[in-house]
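Welcome! Take a look at it first, and then read on.

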Amino acid sequence: MSIRMGFSACLCLALAPALIACGDDGAGATDSSSTSSSATSGASVDPSAGASAASESDAATSDGTASASATSGTSGTSGTSGTSGTDTTSGATSDTSVDTDSDTDPTGAVGCGLCDQPNQACVEDVCVSLCQGQDPDPCGPDQVCDVISGECKPPGGLCNLYGPSEACGDRSCGPGSVCDGEGECLPIAPCSAVACVDGACWGDACTCDRVKECDDAPAELLNGPFSEKIAGLDFADDCTAWMVTLRDGVDYLRRLRPDGELTQWPGVSNLDMGEVKVLRRLTIPQATAPRPFVGSPPPPPVFAEGYGEVALTYVCCANCGCSLDPPQGVARLVEEDMNEPLPIVITAATTQGNGPFMSILFDAGPQGLTWGEDRVLYVGNTTANGQLNSADLEKATQQLETTFPARVTASAPISPVHLLIALEGGELARLNIKTKQTEFVVDLGAHVTSLSHDKFTGLVYAGLSSLEIVEIAPFSGEVADFATMPGKGRVAVSPSGRLWYMPVKYIQPGELISFELPSSL
């Protein structure tokens, strides 16, 4: 597949509104029988796009996963809010602030006086302003402002986050941030906080190298009893793998921990299962200390309740004998409830599509299941094709969010307020769940079987009915080839730094295999 839209001069796509110049292409594919992989066996990028990789993928180990090459993250400038017109938001949950009433520089520098703005640094006893948040741009026209370092740099290069800002009420949201539609800037990968000066904001606490958070279970275990009749796959933040089956008789939700512990829960009656989704973080929490001139490290981010919660879809075609009693819909796992561990939280009507699997079983019922970071479940086609409904688990309410012109086939969260939605035929739309506004993103030209968000780069990986895997910058719509699936199936990003392919075994036999994701920006 050729690249369908503009592509910046780096392998990782531009994370609009930011552009990130990137290095490692990290695309080697592995499976349980292989002992090594090369850069040619995974991701490929059209040479005409001018993309180049700084290094090759790490070699795969005999267990089907690649060795880690990630180093500790690179922290951005973590801002303060001690003076008028200056504020910093950490992870869209709480402000980072320091007391600036003292006559001493909180950084410990001598001779700089009060040098506490998020775009200031004490250099040789002089408080200097960095390039972030300045108007006019101090770097133009031949250089760009890298908001991670605060330095003017030539476009391109490694660990270089730059790009235009977007208006957001009385603020502007620069690289590493996005407008929530109601006047606030929220962090997006590769940043986990936002810093602002006089209303000009940018991403803060950004990471340039993928930190390997955990290891997946060995490939031989993932391809063992865990994946028998697999129909859907997802990973939790601790690399725990979750799957659902589609098989004759009772279906199962299964969990495989990295240490090999396998647990399963039976479904309701003869209802088929379709997708499984785990509530996960959208950015990588910044673990490294901020630069000394910042003042003090930001407080630990406060995350929403529910990370690690699991939901699945029950699906059934109109003539399959399982569509009425009990009803199909969306269920969530309540592990402590021995009597009803998978209660239905969204009831669905019978709907039928023509893709993405071209199977009457797999293209029926609710599709496009995902979690919002607000602990709300979203799913398409539960009341009619194209309708997106939600279930707020805190409020115990359901509602219609919006109606699309075609059936929903997949979705993924891309910010605390944005979802990327795939429609039958291959169009992608971006939905703001606060304002209910939708925007066209790109037409992929083939049905989308799955969407999975990478919280390191912010890219979304899509499995297509054409068997291609593409990577998408969800705020710019830029698309590039990544790899090819061996057969019809879905893809899922793991915090281990791998993208896993799973065959839908009811219609496509095969094994789970993985591709290495980029290790640095």
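## A first look at the strands

Strand 17 (residues 241-245) and strand 18 (residues 252-256) pair in the antiparallel sense over four bridges. Two strands count as paired if DSSP finds at least two bridges between them. Helices (H or I, at least four residues) and strands (E, at least two) are DSSP runs, numbered from the N terminus.

This is a predicted model, in which local features need pLDDT of at least 70, side-chain atom pairs count only at pLDDT 80 or more, and totals for chains, interfaces and linings use all residues. Residues are numbered from 1 along each chain as its sequence is written, and side-chain values use heavy atoms, with hydrogens and water left out.

**The chain as a whole**

- The protein chain has one helix and 38 strands.
- Of its 521 residues, 60% are buried; buried means under 20% relative accessible area, exposed over 50%, and partly exposed in between (1.4 Å probe, protein chains only).
- Among contacts in the protein chain with a separation of 6 or more, 54% are between residues 24 or more positions apart; a contact means heavy atoms within 4.5 Å.

- Strand 16 and strand 17 pair in the antiparallel sense over five bridges.
- The hairpin of strand 16 and strand 17 has five residues between the strands, and Cys 239 takes a positive phi near 75° there.
- The hairpin of strand 17 and strand 18 has six residues between them, and Gly 249 in the turn has a positive phi of about 90°.

- Strand 17 is largely enclosed by the rest of the structure, because five of its five residues are buried.
- Ala 241, Met 243 and Thr 245 point one way from strand 17, while Trp 242 and Val 244 point the other way.
- Ala 241 has Phe 235 opposite it on one strand, and its bridge partner in strand 18 is Leu 256.
- Trp 242 stands opposite Arg 255 in strand 18.

**Phe 235**

- Phe 235 is found in strand 16.
- Is Phe 235 buried or exposed? Phe 235 counts as buried, because its relative accessibility is 1%.
- Phe 235 and Gly 308 are 73 residues apart along the chain, yet their C-alpha atoms are separated by 9.0 Å.

**Nonpolar cores**

- In soluble globular proteins, nonpolar side chains tend to be buried together.
- The largest nonpolar core has 34 residues, and those with the most contacts inside it include Ile 421, Leu 428 and Leu 451; such a core is a set of buried Ala, Val, Leu, Ile, Met, Phe, Trp, Tyr and Cys residues joined through side-chain atoms within 4.5 Å.
- Strand 29 (418-423) is among the elements that give two or more residues to this core, and it provides the largest share, five residues.
- Apart from this core lies another, of 22 residues, among them Leu 222, Met 243, Phe 357 and Ala 364.

**Cavities and pockets**

- A search of the whole structure finds eight cavities of 30 Å³ or more.- On a 1 Å grid over the protein atoms alone, a cavity is a set of points where a 1.4 Å probe fits but cannot get out, and a pocket is an open set with protein on both sides within 12 Å along at least five of seven lines; lining residues have an atom within 4 Å of a point.
- The largest cavity holds about 240 Å³ of space; grid points are joined across faces, edges and corners, and a volume is the space filled by probe spheres set on the points.
- Of the 18 residues lining the largest cavity, Val 278, Arg 280, Thr 370, Pro 413 and His 453 lie nearest its centre.
- About 370 Å³ of space lies in the largest pocket, and the largest share of its lining, three residues, comes from strand 15.
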